[in-house]
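This report describes the sequence and structure shown below, taking up its helix pairs, its sheet and some backbone details in turn.

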Amino acid sequence: MQPRNMSMSGAVDLAAVKAAAEAKEKAEAARAQAARDGVPAPGAGALVIDVDEAGFQQDVLQRSTEVPVVVDFWAEWCQPCKQLSPLLERLAQEYAGRFVLAKIDVDANQMLFQQFGVQSIPAVFAVVGGQAIPLFQGAAPEAQIRGVLDELIKVAEQQFGIVGQAVAGEDTAAGEDTGEDTGEREAPEEPAGPYDSALAAAGDALDRGDLGGAIQAYQNVLSDDPGNVEATLGLAQAELLRRVEGLDPAAVRKEAADNPADVAAQIRVADLDLVGGHVEDAFGRLVDTVARTAGEDRQAARVRLLELFEVVGGDDPRVVAGRQALARVLF
């Protein structure tokens, strides 16, 4: 079976979950706390774990704030799983802490199987910062899987600021000199000049009310530097302002009240609430919409909620509470 969705393109929307600076700070704080508590770095035995519904919150969601978690949905009767699962286990050992492999038996964990929207197995997802990213479905050649894992690790670091700790004495998977394990090597510096100039131009356009110009300027930065936090935040704000431009608040709210099942109407009201400073109302409306919908409607509400999290900022307590509420209705 040929793999499908063999890319990390779905991770772009997930950048809104957590600004890189905030994620790095939290990940570093978690590692520092673990060191103070005397908790050792994950050993080889901890790189592959069996996960069930009871332990999913701690073993996958919580752990994904410190290291990318690759989730392998498998079953004993699945012949392609018998080829893929051992390969993933071997790669988890070889990558030596850059990701953790969580194995989920679909027969014993039907609720997780359904919540992830798995259509057939084997199916492989990643969870980074508490958010699921589809990787591929079906067995795949080792070279392609390595490419996906390398890109996952890169996205986890650049978009979420989450870096797994390599196990001492083992090389990283791709043999790259990352310099991240000991802190002794400095990461390459981003060229400041071009980004500073482009971001200043975007800010000027936003101040002038030129929302289209601001959006284009921020997109130009992100096309070269997808992990740029300032551009991500600026783009989210400019796009929000453009969405509500020209709306009649009274008419929009009446439409949503008259048609509670109209997801697009609920999303428009959430946008208006956020612009008006009613942050908790905006988040609560979209969490409720996610909870009672499915398929494309649910995805649309979830993505818009993540975008609004980005506008407010990851360290805001209302965003923290909103993320927790979203996780409860999703998982």
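## The pair α13 and α14

Helix α13 passes helix α14 in a left-handed crossing. In this predicted model, the axes of α13 (residues 295-312) and α14 (residues 317-330) come within 10 Å and cross at roughly 160 degrees. Angles over 145 degrees count as roughly antiparallel, and α13 and α14 are therefore roughly antiparallel to each other.

Which residues of α13 meet α14? On the α13 side they are R298, R302, L305, L306, F309 and V312, and they meet R318, V319, G322, R323, L326, V329 and L330 of α14. Sorted by class, this contact of α13 with α14 has 8 nonpolar, 1 polar and 4 charged residues.

## The pair α11 and α12

Helix α11 (residues 263-275) and helix α12 (residues 279-292) have axes that come within 7 Å and cross at roughly 160 degrees, which makes α11 roughly antiparallel to α12. The crossing of α11 and α12 is left-handed.

The residues of α11 in this contact are V263, Q266, I267, V269, A270, D273 and L274, and their counterparts in α12 are V279, D281, A282, F283, R285, L286, T289 and R292. By class, the contact of α11 with α12 has 9 nonpolar, 2 polar and 4 charged residues.

## The whole chain

The secondary structure of the protein comes to 14 helices and 5 strands. Of its 331 residues, 45% count as buried. Among the contacts in the protein with a separation of 6 or more, 71% are accounted for by residues 24 or more positions apart.

## Order and pairing of the sheet

The 5 strands form an open sheet with mixed pairing, in the order β1-β3-β2-β4-β5. Strands β1 and β5 stand at the edges, each with a single partner strand, so one side of each is left without a neighbour in the sheet. From one strand to the next, the twist averages 25 degrees.

Taking the pairs in sheet order, strand β1 (residues 48-50) and strand β3 pair in the parallel sense over 3 bridges, and the bridge partner of I49 in β3 is A102. Strands β2 and β3 also run parallel, joined by 6 bridges, with V70 having L101 as its bridge partner in β3. Strand β3 (residues 100-105) is mostly covered, since 5 of its 6 residues are buried.

Together β4 and β5 form a hairpin with 2 residues between them, and G129 in the turn has a positive phi of about 60 degrees.

## Backbone details in the loops

Most residues other than glycine have a negative phi, and most peptide bonds are trans. Against that background, two places in the loops deserve a check by the reader. The peptide bond from I121 to P122 is cis, with omega near 0 degrees, and P122 lies in the loop between α5 (110-115) and β4.

The phi of A96 is near 55 degrees, a positive value in a residue other than glycine. Why does A96 count as buried? Buried means under 20% relative accessible area, and A96 counts as buried because its relative accessibility is 0%.

Terms used: Residues numbered from 1 in each chain as written. Predicted model: local features only at pLDDT ≥ 70, side-chain atom pairs only at ≥ 80, totals over all residues. Heavy atoms only, no water. Pairing = 2+ DSSP bridges. Helix = DSSP H or I, 4+ residues; strand = E, 2+ residues; numbered from the N terminus. Axes fitted to C-alpha atoms, helices over the stretch in contact; angles between N-to-C directions. Parallel < 35°, antiparallel > 145°, perpendicular 65-115°, else oblique. Left-handed = near helix turned anticlockwise from the far one by under 90°. Contact = heavy atoms within 4.5 Å. Nonpolar A, V, L, I, M, F, W, Y, C, P; charged D, E, K, R; others polar. Buried < 20%, exposed > 50% of the residue type's maximum accessible area, 1.4 Å probe, protein only.
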